[in-house]
Amino acid sequence: MKFKDYDIEHFLTDEFFIQWVKNPNENNQHFWEKWISEHPEKRRVVQQAASIIRSIQSDQNTGISDALYVDMFENIIKAEEKKEPVKFKPDESNPWISIFSIRKIAAAVVLGFCIWISYDVMIKGVKIQTEIPQTLIVSRSNPAGKKSIISLSEGTKIHLNGESKIAYPEVFEKGLRTVELEGEAYFEVAKDGRPFIVSVGDNAINVLGTSFNVRQNGAGGLAVALVEGKVKVNDRLGNQVLLNPNEMLVIEETGKFYKSDFDLMEIIGWKDMYLIFNSDSFEEAKSKIENWYGVEIEVKGKISETWVYSGQYKEESLENVLRGISLTSGLKYSIKGRKVIITKP
Amino acid sequence: MVNKPQKTELSSVISLRHSESTKIFEKKSDLEVWNAFDKGDEMAFNYIYRCFTPIMFSFGIQITKDVDLIKDCMQNLFIDLRRKRGSLSDVISIKSYLLKILQRELFRAIKKESSHSIQNTELPENAFLIEVSHETKVIQLESETEINTQLKKALNQLTARQRQALVLLYEEGMSYKEIAEVLEFKEVKSARKLVYRAIESLKQLLKN
């Protein structure tokens, strides 16, 4: 795009333009002044963009104080001397040395104090230890074929699917609830004023009190389906998406993302033990069964690429599901322990 | 530089040294300054300290309000760099390099303090809040304050990371390449995308 076709947002993201506004030098000044006189109709938008760039500044205007500046410099230089005592000529008149030895004394005092405190804590100290609880991280995981329900101390309920893992602090800290998920889980988050954050890979799902399903797809993919409430999803590139009930956010492995609607039963039926096939291809159906029952499926013969299957099973055995599928699609099956063989006659 | 000469001897010694160092290194490239520092040139260190500690501090204060924590992190970072002199790798932009390692150091320290393994490299939600200054003489409208207020409100609805990128781009005048380094993106493209999306959201927010 040429500069003459630029709108305000293009100027606001153009490095060369920003450099001219922030650090005008001979080259960029020469160019932009000439350009504006060539395109007088752009003068206004250029001025607007420049004014926005100039007016944006950080909220914090506390600069570094002189005291901090000087003190830090001294500490940095002194740290060097501690390492290299050889360069140090003992000289009574050098004020730095006396400061140094005062520091040594101070260090000894501090060390003594620490020993006293830790002695105090170890001998009498059970009480103190209980007052400052160490946050323990609890980690739960399910192998394929197993599902579980986890209730957190503040009332949140988590349905954890097979081949999934969740980690959370035994006691949440003040002001924040954070859990870490791998795989798939359905959350019924209890409202208690604190935000609840599910971190999945590089993404964070931020909620107050809602019900939603999270599923990791492959390496970087993710699907978040919202049943009720409001959910905010942030990815590592700083994108933020808000979800409304009945909306699903799909993030592909490439980082591309889009919103769609979803079939409630298909997405969250698993937590109520519904195994759902919704116009699934053979590959999809195969991986659902493998995951659901924790089995491995071997295929003999070639299954048509147009094969699709729809069906719903509640708390059915593997045998019944396989029978159901084979009835409608003319496949044969046999079960040998953890292994299923499907044959296309 | 805001540091006025102070009464104590030490600070006048420092500022004298520092003004000398500025004269020597002003015209040199970052790489030359960095190599001189690597070779043990104290003037180069003084110059780096003088030029970049104010920026580092104001960067840090936007991540955490804990001044002592920022001080400790900056101090350790410089002590560490000084110890590694002689084997430092090349640095093209000293500013973005120092901000990058300061941010790492801060995250590590904050994580340690909260003794909590889950929150790691995320900026706090209130990091890098933006103020819209009123010195803009260009828009000479009555509604100028109104526009600024709306702009400020919209800016602060962006994610902390987007605001961070905008502050680095507009306040520090950094290039996308430098921003990518600070934010630890492998590709410059990602920094551009982050800014494009921020401006796009801003546009949407201002429309409503």
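pLDDT is the predictor's confidence in each residue, on a scale from 0 to 100. The structure shown here is a predicted model, and the legends below describe close-up views of it.

**Figure 1. Confidence along chain B of the predicted model.** The mean pLDDT of chain B is 82, and 80% of its residues reach 70 or more. Within chain B, helix α8 (residues 176–182) has the highest confidence, at 94, while helix α1 (residues 9–25) has the lowest, at a mean of 57. Residues 135–142 of chain B keep a pLDDT under 50 throughout, and the model gives them 11 contacts beyond four places in sequence. Residues 1–14 of chain B also stay under 50, with 17 contacts beyond four places in sequence. Where pLDDT is low, the predicted coordinates should not be read in detail.

**Figure 2. Chain A as a whole.** Chain A contains 10 helices and 20 strands. It has 345 residues, of which 42% count as buried. The chain exposes about 19,600 Å², and carbon and sulfur atoms supply 54% of that area. If one takes the contacts in chain A between residues at least 6 apart in sequence, 42% of them join residues at least 24 apart.

**Figure 3. The open sheet of seven strands in chain A.** The strands follow the order β3-β4-β7-β10-β11-β14-β15, and their pairing is antiparallel. Strands β3 (148–151) and β15 (257–261) of chain A form the edges, each pairing on one side only. From one strand to the next, the twist averages 15°. Inside this sheet, β4 (residues 157–160) and β7 (residues 184–188) of chain A pair in the antiparallel sense over four bridges. One residue to look for is Leu160(A), whose bridge partner in β7(A) is Ala185(A).

**Figure 4. The surroundings of Asp235(A).** Asp235(A) sits in the loop between β12 (231–234) and β13 (240–243) of chain A. Its relative accessibility is 13%, and buried means under 20%, so Asp235(A) counts as buried. Leaving aside residues up to four places away in sequence, Asp235(A) touches Asp202(A), Asn203(A) and Phe257(A). Gly255(A) is 20 residues from Asp235(A) in sequence, and the two C-alpha atoms are 8.7 Å apart in space.

Figure 5. The order of the strands is β17-β20-β19, with mixed pairing. The edge strands, each pairing on one side only, are β17 (296–300) and β19 (332–336) of chain A. The twist averages 20° from one strand to the next. Strands β19(A) and β20 (residues 339–343) of chain A run antiparallel and are joined by five bridges. Across this pair, Lys332(A) stands opposite Thr343(A) in β20(A). Helix α9 (residues 282–293) of chain A packs on the sheet and touches β17 and β20 of chain A; its direction makes about 145° with that of β17(A). Helix α10 (residues 318–329) of chain A also packs on the sheet, where it touches β19 and β20 of chain A, and its direction makes about 165° with that of β19(A).

**Figure 6. Lys286(A) in helix α9.** Lys286(A) is found in helix α9 of chain A. Is Lys286(A) buried or exposed? Its relative accessible area is 18%; buried means under 20%, so Lys286(A) is buried. Not counting residues up to four places away in sequence, Lys286(A) touches Ile297(A) and Val299(A).

**Figure 7. The nonpolar cores.** The largest nonpolar core has 91 residues, and the members that touch the most others are Phe17(A), Phe78(B), Leu81(B) and Leu98(B). Helix α3 (residues 42–61) of chain B gives the most to this core, with 11 residues. Beyond four places in sequence, Leu81(B) touches Trp34(B), Phe37(B), Leu88(B), Tyr97(B), Leu98(B) and Ile101(B). A second, separate core has 29 residues, including Ile268(A), Tyr293(A), Tyr309(A) and Ile325(A).

**Figure 8. Arg83(B) in helix α4.** Arg83(B) lies in helix α4 (residues 67–83) of chain B. Asp38(B) is 45 residues from Arg83(B) along the chain, and their C-alpha atoms are separated by 9.9 Å.

Key: Residues numbered from 1 in each chain as written. Chains lettered and ligands numbered in written order. Predicted model: local features only at pLDDT ≥ 70, side-chain atom pairs only at ≥ 80, totals over all residues. Heavy atoms only, no water. Helix = DSSP H or I, 4+ residues; strand = E, 2+ residues; numbered from the N terminus. Buried < 20%, exposed > 50% of the residue type's maximum accessible area, 1.4 Å probe, protein only. Contact = heavy atoms within 4.5 Å. Areas by Shrake-Rupley, 256 points an atom, 1.4 Å probe, with all protein chains shown as cover. Pairing = 2+ DSSP bridges. Axes fitted to C-alpha atoms, helices over the stretch in contact; angles between N-to-C directions. Core = buried A, V, L, I, M, F, W, Y, C linked by side-chain atoms within 4.5 Å.
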